[in-house]
Every structure is written in structure tokens, then in C-alpha cells.
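Dear colleague,

I am handing over the structure below, together with an account of what was found in it. Please read the notes with the model open beside you.

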Amino acid sequence: MAASAFSGLVAALETHRGRDRAVRALCYGCQLAGGALAGPQASPSGLPGSLLAVSAELSACRTALRLFDDLAMLRYSCGYGLGPKDEDGLVRALSVLCNVANQLYYPCEHVAWAADAGIIRTRAQKWWTLSMGLWALSLLLGILRSLRVLCQLRKLRQHKGTSSPQSQKEAKAQVKAEVLSILAQVADLSNAIHWLPPGFLWAGRFPPWLVGLLGTVSSLIGIYQASRGGNSEAA
């Protein structure tokens, strides 16, 4: 069993998505630990400062690797198109809008990254704000989509009444997956709003440990869903 788990871990780390999930969890975990150990210090030193520095480096690593994600996202968006015709209309609309937001997110982030690196001359901050706003919009649309799916499942269960044990098992699994997706996306949305310009809701008000906690929760949910065959696109 240990050998099987080790083989599964190695196989996951050999893929781009699997490696990104691991780096993401480690990034937020370091921020959680560093922020918690630092307490109210404005510029922590020692171990807390080192953990926060590692978190920043891992975050920069993920940003650089996302330079190559545009085509994968485009393929997914084109594959989904306007959605299956037998799918609920509102679910399809929310999914399409979510795909559009995700597709626009990548080039905006690339421009911000290039501006910070001095490759192009433009104000990086406005592009970081735009990319963060698109990510927040994508997360909000994803939450609304999952809520709609849950409503559809509830109506379906009430309409059909008693169903086969297999159908009930599948419905429960889908409900669980959607609830976990909502929890992960709410955690990420909270962080996304925190990273927007100050003055909007709670932007800029989270301490590092809370950002790390929310990110760690969403990362662990993403890893769990991936291990169960789910699809997590947490950023």
C-alpha cells in the first residue's frame, strides 16, 4: 500500500497540474506557518521571515509557469464551447462566462509579469489588478455555477423520489464534490479580494497567516478532489 501511494505521488509530481498543486500547497503552507510565527511583526526575521520568503519565491515560480497555460485553457474552452445541449442553460452560461474570465486572466497576468521584469514599459500594477479582478470574477461565477448544480440536484431528487442505490450514491458524490468546490472557491475568492486595491471590501486587510490558511484549505481540497478524480483549477 505504501509503495502504491509513493508511485501515485511520483506520477502526480511528473505532471504539470500535479506539481502545481504541490507547489501551491507548500507556498500557502509556508505563508501560514511564517505568518503565525511572526505574529504582529511588520518585518519578521529569523524562521518566520525565511518561511515567508520561501512562500514568495514559490508564488513567483507558479506565476512564471503559468506563462505556458494559455493554450491549455484555450483548448479546454474550445472543447466546452457553449456546453452540452442537455445541460441546464444557466449552468452552461455560467461555465462559458467562467471560461472567458479564465482565458482573459492569463494574458493580463503575463503583461503584469513582463512589466515587472522590465520587458515591456507599462504600469504593472494596473495589469495585476485587472488579472486579480478576472480571477475573482471567475471564482464568483464558479461558486454560482456550483450552487445552481446543487439546486438542480435537489429538484431532481424531489422529482424522482426513490431511486436506485447506485443513483443515490452518484448524487451524493456529486453533491459532495460541489460543496467542496464551493468551499475552495470561497477561500480563494476571499484572498483574491484581499489582493485587490485597498478600499474595496476587505482588500489589504488580511494578515499573512490568514491568507496562508485560506490558501492551504483550498489547496488541500484541490489535492483531495484530484486524488478522487475531480477537476480543480485553483490558481
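Predicted model: local features only at pLDDT ≥ 70, side-chain atom pairs only at ≥ 80, totals over all residues.

A residue is called buried when its relative accessible area is under 20%, exposed when that area is over 50%, and partly exposed in between.

Overall fold

The chain contains 8 helices and 0 strands, so that reading along the sequence gives the pattern α-α-α-α-α-α-α-α. Its radius of gyration is 20 Å, close to the 18 Å that the globule rule gives for 235 residues, and the chain is therefore as compact as a globular protein of that length. Along the principal axes, the C-alpha trace spans about 60 × 45 × 35 Å. Of the 235 residues, 36% count as buried, and among contacts between residues at least 6 apart in sequence, 66% join residues at least 24 apart.

The nonpolar cores

The largest nonpolar core has 16 residues, and those with the most contacts inside it are Tyr105, Met132, Trp135, Leu139, Leu189 and Ala192. Helices α5 (89-116), α6 (124-160) and α7 (165-194) each supply at least two residues of this core, with α6 giving the most, namely 6 residues. Where does leucine 189 make its contacts, once its neighbours within four places in sequence are left aside? Leucine 189 is then in contact with Ala136, Leu139, Leu140 and Ile143. There is also a second, separate core of 5 residues, which includes Tyr28, Ala187, Val211 and Leu214.

Helix α2

Helix α2 covers residues 16-38, and at 1.5 Å a residue its 23 residues should span 33 Å; the C-alpha atoms at its ends are 32 Å apart, which agrees with that expectation. At the N-terminal end, α2 is capped by threonine 15, a side-chain oxygen of which lies 3.0 Å from the backbone nitrogen of glycine 18. Just after the helix, glycine 39 takes a positive phi of about 65 degrees. The buried residues of α2 include Gly18, Asp20, Arg24, Cys27, Tyr28, Gln31 and Ala38, and of these Tyr28 also belongs to the second core described above.

Aromatic pairs

How many aromatic pairs does the structure hold? There are 3, and two of them are described here. In the pair formed by tryptophan 135 and tryptophan 195, the ring centres are 6.4 Å apart and the planes are at 20 degrees, so the pair is stacked; the cut-off for that description is an angle under 30 degrees. Because tryptophan 135 lies in helix α6 and tryptophan 195 in the loop between α7 and α8 (208-227), the pair ties together parts that are 60 residues apart in sequence. Tryptophan 135 is buried, with a relative accessible area of 6%, whereas tryptophan 195 is partly exposed, with a relative accessible area of 35%.

The pair of tryptophan 202 and phenylalanine 206 has ring centres 6.2 Å apart and planes at 10 degrees, so that pair is stacked as well. Tryptophan 202 is partly exposed, with a relative accessible area of 30%, while phenylalanine 206 has a relative accessible area of 18% and is buried.

Two further residues

Is histidine 110 buried or exposed? Its relative accessibility is 15%, and histidine 110 therefore counts as buried. This residue has its place in helix α5, and, not counting residues up to four places away in sequence, histidine 110 touches Arg66, Leu67 and Asp70.

The other residue is leucine 201, which lies in the loop between α7 and α8 and counts as partly exposed at 46% relative accessibility. Most residues other than glycine have a negative phi. Leucine 201, by contrast, has a phi near 50 degrees, a positive value in a residue other than glycine.

With best regards

Notes. Residues numbered from 1 in each chain as written. Heavy atoms only, no water. Core = buried A, V, L, I, M, F, W, Y, C linked by side-chain atoms within 4.5 Å. Buried < 20%, exposed > 50% of the residue type's maximum accessible area, 1.4 Å probe, protein only. Helix = DSSP H or I, 4+ residues; strand = E, 2+ residues; numbered from the N terminus. Contact = heavy atoms within 4.5 Å. Expected span 1.5 Å × (residues − 1). Polar contact = N/O pair within 3.5 Å; in protein donor to acceptor, adjacent residues only side chain to side chain. Phe/Tyr/Trp six-rings, centres within 6.5 Å; stacked < 30°, edge-to-face > 60°. Rg over C-alpha atoms; globule rule 2.2 N^0.38 Å.
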